[in-house]
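Visitor: Could you walk me through this structure? I am new to it.

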Amino acid sequence: MVAPVTTGVGGADRASPGPGPGRSWLAWLVVVPFLAYVGTFLVYPTALVLAGSFQGSDGSFTLDNLADLTRGVYLQAFLRSVELSAITALLGAVLGALLSWAVAAGEPEGPLRRVVVAGAGVLAQFGGVPLAFAFLATIGFQGFVTQFLRDSFGVDLFATGAWLFELPGLTLVYTFFQIPLMVIVFLPALDGLRPQWREAVDSLGGSSWTYWRHVGGPILLPAFLGAALLLFANAFSAYATAAALVSQGSPIVPLQIRGFLTGEVLLGQENLGKALGLGMVVVVGVAMGLYALLQRRFARWQR
Amino acid sequence: MAAVTKPRRSAGSAVARFAILLVLGGFFLLPLVAMAEFSTRGAGGTRSLASWAAIVDDPDLVEAILVSVQLAVASSLLMLVLLVPTMTWIRLRLPALRRLVEFLCLLPVAIPAIVLVVGMAPLYAWVNYFLGDSPLTLTFAYAVLVLPFAYRAIDAGLSSIDLKTLAEAARGLGASWGTVLVRVVVPNIRTALLGASLLSVALVLGEFTIASLLNFDTLQVRVNLLGKRDAGVSIAVSLLSLLFAFALLFLLSFIGRRRRDTAVEEG
């Protein structure tokens with residue numbers, strides 16, 4: 001049976017009569033719980049943040065909150081967040097692409113690929129607080145590597161200060177979950193490369209370099225750039241690892257928002273935290289939008 | 001091994017491949033080894049399992065673990081109850097709504113949890129007023145967080161079966177819509193549902209942002225708190241939770257393959 005062309009009114013022309021929501025308004029009733037739920041716990045809180053960004057403490061319309069984002073500590077936090085996200089996205093994209101290539105060259109159902117994909121899933125999506133502790137155990141003041149270097153070579157990892165708990169430390173720890181995310185996103189793209197393309201280059205006398213320069217590279221470029229944008233958005237949104245690692249100060253935007261949720265809020269700045277949230281949504285939204293565009297462009301080759 | 005490359009080039013690329021796997025493998029394994037080493041330190045350079053034993057000796061930590069496990073189960077169930085009937089129904093009767101539902105389900109990807117929690121704080125004042133301040137109320141927030149993962153898994157499951165034909169056959173034989181859902185749709189996409197649930201469990205067990213900022217005592221919040229006092233125990237629990245999540249996702253990789261096999265058999 002063909003799907004009804006007219007939307008909604010399916011009951012009358014269906015081959016299978018009987019009880020059940022036949023009328024269109026009854027058919028719509030089935031999706032009401034889902035829409036109500038998502039409306040309450042996703043759309044409403046989001047709208048609250050967006051609307052609050054444009055409100056002063058008395059609820060009136062103002063652009064002051066947004067203007068505050070463009071100066072002082074808030075602007076610096078945004079710049080640092082962008083810097084951290086961009087550096088770790090670049091590192092993650094390049095190293096992750098190499099790892100993907102190394103894994104894709106192996107057997108599709110082999111143990112190496114299974115372990116790498118499962119491990120990447122854990123670190124990329126469910127890491128959070130444990131990742132902070134992983135690095136405390138490794139290169140914290142009493143960490144495994146710290147002690148080893150100190151006892152065996154007399155090298156003090158913290159000679160230049162407590163860098164693990166500042167931006168350089170965050171960069172290192174973020175890269176630790178960016179590379180796995182790149183593997184998850186980029187591995188399917190590599191799988192989309194057809195062996196025939198490689199064979200065509202080979203049979204025409206092209207080298208490995210020719211293949212990657214003129215065939216593989218250009219095809220993968222949109223996927224690579226798209227993945228890098230996704231990584232950027234991922235690092236920009238990340239909170240848990242940074243919160244567990246950095247307990248003093250708020251170098252990046254998510255930690256600034258923490259300050260607004262947990263600490264003292266200055267009079268007249270009640271909605272500044274929401275404006276910071278709006279700023280994050282805009283940056284992440286732009287990155288994700290471009291990612292979706294590039295994905296679509298890459299999908300042309302996968303038909 | 002390398003099916004794509006021809007033999008004459010495989011020597012060079014095999015070396016490169018080996019080097020990449022060695023270096024990055026080391027980078028990823030080192031912190032795990034360090035966690036194992038750190039959490040088994042005893043007094044005066046000896047080895048001891050005291051930190052691991054302390055996990056079960058800390059009633060607050062045990063309580064937090066139990067809360068997180070309950071949250072994982074409750075959130076997975078709520079997610080299934082919300083998504084499965086809705087997504088099935090939309091494919092069968094309301095295709096016009098498909099884009100909207102997809103957009104709503106993927107929306108949490110574009111809204112960072114740290115932003116969502118800003119808007120949820122006032123909402124939870126109401127939730128806790130009406131339902132009490134049990135940490136289990138986090139179920140509501142977590143069912144939203146798992147939507148993107150769950151949607152993709154269930155959508156793939158529904159795409160792999162001929163839903164319309166199955167539903168019409170069952171309806172033709174006199175089955176009610178409820179029967180269609182429970183006895184036809186659910187068994188046919190059970191592996192996708194299991195996949196969606198495992199992802200949700202892994203996500204909820206690792207969630208920190210919303211729990212900590214709404215002041216609920218879950219596993220990750222407790223681990224973070226403990227770390228200020230006794231790093232050994234926190235590191236032991238962290239390693240445990242990473243390994244547990246790994247086990248879940250490793251299991252998932254086999255389920256994914258089995259689904260394709262069954263699809264071939266049935267098709």
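Predicted model: local features only at pLDDT ≥ 70, side-chain atom pairs only at ≥ 80, totals over all residues.

Guide: Residues are numbered from 1 along each chain as its sequence is written, with chains lettered from A and ligands numbered from 1 in the order in which they are written.

Visitor: How many helices does chain A have?

Guide: Helices (H or I, at least four residues) and strands (E, at least two) are DSSP runs, numbered from the N terminus. Chain A has zero strands. Its helix count is 13.

Visitor: What percentage of the residues in chain A are buried?

Guide: A residue is buried if 20 or more other C-beta atoms lie within 10 Å of its own, exposed if 12 or fewer, and partly exposed in between; C-beta atoms are placed from the backbone. Chain A has 303 residues. The buried part is 42%.

Visitor: How far apart should the ends of H2(A) be?

Guide: Helix H2 of chain A covers residues 32-53, which is 22 residues. The expected span is 1.5 Å times one less than the number of residues.

Visitor: Where is the kink in H2(A) centred?

Guide: The bend at a residue is the angle between axes fitted to the seven residues ending there and the seven starting there. In H2(A) the kink is about 45°.

Visitor: Which helices of chain B do the buried residues of H2(A) pack against?

Guide: The buried residues of H2(A) include Phe34(A), Val38(A) and Phe41(A). Within chain A, they pack against H3 (64-69) and H13 (272-299). In chain B, the partners are H3 (59-92), H4 (98-110), H5 (113-131) and H6 (138-145).

Visitor: Which element gives the most to the side of chain A that touches chain B?

Guide: Two residues are in contact if their C-beta atoms, placed from the backbone, lie within 7 Å. By that rule, 71 residues of chain A are in contact with 77 residues of chain B. The element that gives the most, with eleven residues, is H2(A).

Visitor: Is Asn215(B) buried or partly exposed?

Guide: Asn215(B) lies in the loop between H11 (209-213) and H12 (219-227) of chain B. Its phi is near 60°, a positive value in a residue other than glycine. Because Asn215(B) has 13 C-beta neighbours inside 10 Å, it counts as partly exposed.
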